[in-house]
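Subject: Structure handover

Hello,

Here is the structure for your records. My notes on what was found in it come after it.

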Amino acid sequence: MKNSYKVAVIGAGVVGCSVAYHLAKLGINDVVVFDKSYISSGSTGRCAGGIRQQWSSPHNVLLAMRSVKLFEKLESETGMDVEYKQGGYLILSYSEEEAEQFEKNVEMQRELGLDVEILSVKKVKERYPYIDLSGVVLATFCQTDGHANPHLVNFAYAKSARKLGVEIFTHTEVWGIEVKDYEFVLHTTKGKVTAQIVVNAAGPHSREIASMVGVDLPTESYRHQIMVTEPVKNFFDPMAISFSGNFYMRQTKHGQFIMGQGDPNEKPGLNYNVTFEFVEEMCKKMTRIFPFLRNVRIVRHWSGHYNMSPDAQPIIGESTTVKNFYYAVGFSGHGFMLAPAVGEAIAELIAYGKTLHVDLSELNLDRFEKTVVRERNVV
Ligand SMILES: Cc1cc2nc3c(=O)[nH]c(=O)nc-3n(C[C@H](O)[C@H](O)[C@H](O)COP(=O)(O)OP(=O)(O)OC[C@H]3O[C@@H](n4cnc5c(N)ncnc54)[C@H](O)[C@@H]3O)c2cc1C
């Protein structure tokens with residue numbers, strides 16, 4: 001480890017590694033990434049890997065559209081197979097009110113250039129005859145949405161960043177940060193380093209890291225449980241999701257079905273336990289909607305965290321109170337899919353003082369001083 005770096009990134013999840021990779025691509029490779037555990041050990045390695053552009057907030061649509069452009073070239077750029085598949089996202093609505101909201105969303109998404117379909121129940125039945133559509137009012141579908149393997153994406157960014165000169169130290173916790181006139185002093189479990197710029201990409205620990213420099217981030221982490229089945233013959237292309245039905249589900253390249261739901265009674269905090277109730281509820285719900293899952297065995301069940309902001313949208317940018325302190329946090333359930341575009345945007349902010357591909361102005365910390373509009377399309 002050197003004594004000083006231009007940029008120190010805290011967190012080697014998909015966001016931190018994407019930031020590091022994009023910085024190096026722009027020629028800034030005097031970069032160090034610290035992770036208190038291993039690469040992909042946080043929310044990233046625990047997530048479902050869904051990548052969708054169908055959001056209710058225009059800036060999330062645009063960020064996700066940019067991410068999809070970057071996902072499309074990630075394998076050729078990094079030389080790694082990340083199991084990326086554009087099998088589409090099928091979003092099922094179970095209420096009239098939500099269906100009306102979907103129609104408004106689709107209008108806005110199309111205005112932004114996204115190719116999205118509104119599907120009647122009959123149309124969904126024709127395309128996916130093996131889904132039980134009882135109670136479904138309508139669905140939306142976007143073919144360029146899809147999924148990838150989160151571990152592989154995280155490692156694709158980490159390995160490619162390292163090749164470009166970035167140093168990544170795992171099992172190295174940042175336990176304190178001093179703010180000096182022209183630099184930061186980071187205290188880690190492997191010693192002290194200085195950096196001109198610090199990026200907080202600590203996922204569920206984002207608030208703790210910000211508090212080390214006296215910034216109060218309104219983020220809280222909530223446990224989300226998720227489970228996976230044994231592999232079966234591959235036939236299910238899209239990610240199926242419902243906000244009113246509270247579930248998401250997809251088949252991996254290896255044939256396993258991965259699925260989860262949110263728990264409205266979950267309290268904030270870092271809880272990695274799992275519950276039998278989750279498995280019981282999921283099995284009942286998923287075998288009703290996807291009857292083909294009835295005799296498929298569950299092989300694993302785990303938990304991770306959504307790092308939530310008050311409006312369920314990320315907080316991205318430079319602190320207005322501590323110069324050169326950046327954050328890319330509060331991603332709710334969509335940090336994996338946004339990581340390519342966000343990494344690129346943070347790198348551009350650092351390199352050029354402005355973003356070139358996406359507008360982050362609505363995602364700054366100051367927005368919480370005004371009335372916030374919550375992203376609706378979340379499980
Ligand atoms: C069950 C579940 C399903 C999800 N499904 C999806 C999905 O389908 N699509 C999607 O886009 N998103 C999904 N998400 C959300 C997604 O996982 C996160 O938004 C995303 O992974 C955040 O990435 P990150 O790099 O910010 O955080 P993380 O991956 O958590 O990385 C943060 C890293 O910071 C490190 N760290 C923390 N504190 C310190 C410290 N003091 N010093 C050093 N290192 C530190 C941690 O060890 C960790 O490795 C899901 C999340 C869960 C839990």
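A definition comes before the rest: helices (H or I, at least four residues) and strands (E, at least two) are DSSP runs, numbered from the N terminus. This is a predicted model, in which local features need pLDDT of at least 70 and side-chain atom pairs count only at pLDDT 80 or more, while totals for chains, interfaces and linings use all residues. Residues are numbered from 1 along each chain as its sequence is written, and side-chain values use heavy atoms, with hydrogens and water left out.

Ser40 sits in the loop between strand S2 (31-34) and strand S3 (50-51). Its phi is positive, about 75°, although the residue is not a glycine. Ser40 is buried at 4% relative accessibility; buried means under 20% relative accessible area, exposed over 50%, and partly exposed in between (1.4 Å probe, protein chains only).

Ser332 also has a positive phi, about 55°, and is not a glycine. Ser332 belongs to the loop between strand S18 (325-329) and H8. With 8% relative accessibility, Ser332 counts as buried.

The ligand

How many residues surround the ligand, and which are the closest? The shell holds 39 residues, and the closest are Asp35, Ser43, Thr44, Gly50 and Met337. A residue is taken as near a molecule or strand if one of its heavy atoms lies within 4 Å of it. By class, the shell has 17 nonpolar, 18 polar and four charged residues. For that count, Ala, Val, Leu, Ile, Met, Phe, Trp, Tyr, Cys and Pro are nonpolar, Asp, Glu, Lys and Arg are charged, and the others, Gly among them, are polar.

An N or O atom in the side chain of Asp35 is 2.6 Å from a ligand oxygen atom. For Thr44, a polar side-chain atom lies 2.5 Å from an oxygen atom of the ligand. At Gly49 a polar backbone atom is involved, 3.5 Å from an oxygen atom of the ligand. The protein buries 97% of the 1,000 Å² that the ligand exposes when taken alone. These areas come from the Shrake-Rupley method with a 1.4 Å probe; for residues, only the protein chains shown count as cover.

The elements that give two or more residues to this shell are helix H1 (14-25), strand S12 (220-229), strand S16 (298-308) and helix H8 (335-352). At least three shell residues come from each of domain 1 (4-46 + 151-219 + 311-369) and domain 2 (86-145 + 223-304). The domain bounds come from an automatic or database domain assignment.

Polar contacts within the protein

A polar contact is a pair of N or O atoms within 3.5 Å; within protein, one must be able to donate a hydrogen and the other to accept it, and residues adjacent in sequence count only if both atoms are side-chain atoms. Thr219, in the loop between helix H6 (206-211) and S12, has a side chain joined to that of Ser206 by a polar contact of 2.9 Å. Thr219 is buried, with a relative accessible area of 2%.

Ser319 lies in the loop between strand S17 (315-318) and S18. A polar atom of the Ser319 side chain is 2.9 Å from the backbone nitrogen of Val322. Ser319 is buried too, at a relative accessible area of 6%.

Pairs separated along the chain

Phe102, in helix H3 (residues 96-111), is buried with a relative accessible area of 4%.

Leu90 is part of strand S4 (residues 89-93) and is buried at 0% relative accessible area. Between the C-alpha atoms of Leu90 and Ser242 there are 8.4 Å, and along the chain 152 residues.

Leu186, in strand S10 (residues 184-188), is buried at 0% relative accessibility. The C-alpha atoms of Leu186 and Val198 are separated by 9.1 Å, with the residues 12 apart along the chain.

Cysteines

How many disulfides are in the structure? A search of the whole structure finds zero, a disulfide being a pair of cysteine sulfur atoms within 2.5 Å. For Cys17, the closest cysteine sulfur is in Cys47, 14 Å away, which is too far for a bond. Cys17 is buried at 1% relative accessibility, whereas Cys283 is partly exposed, with a relative accessible area of 28%.

Regards
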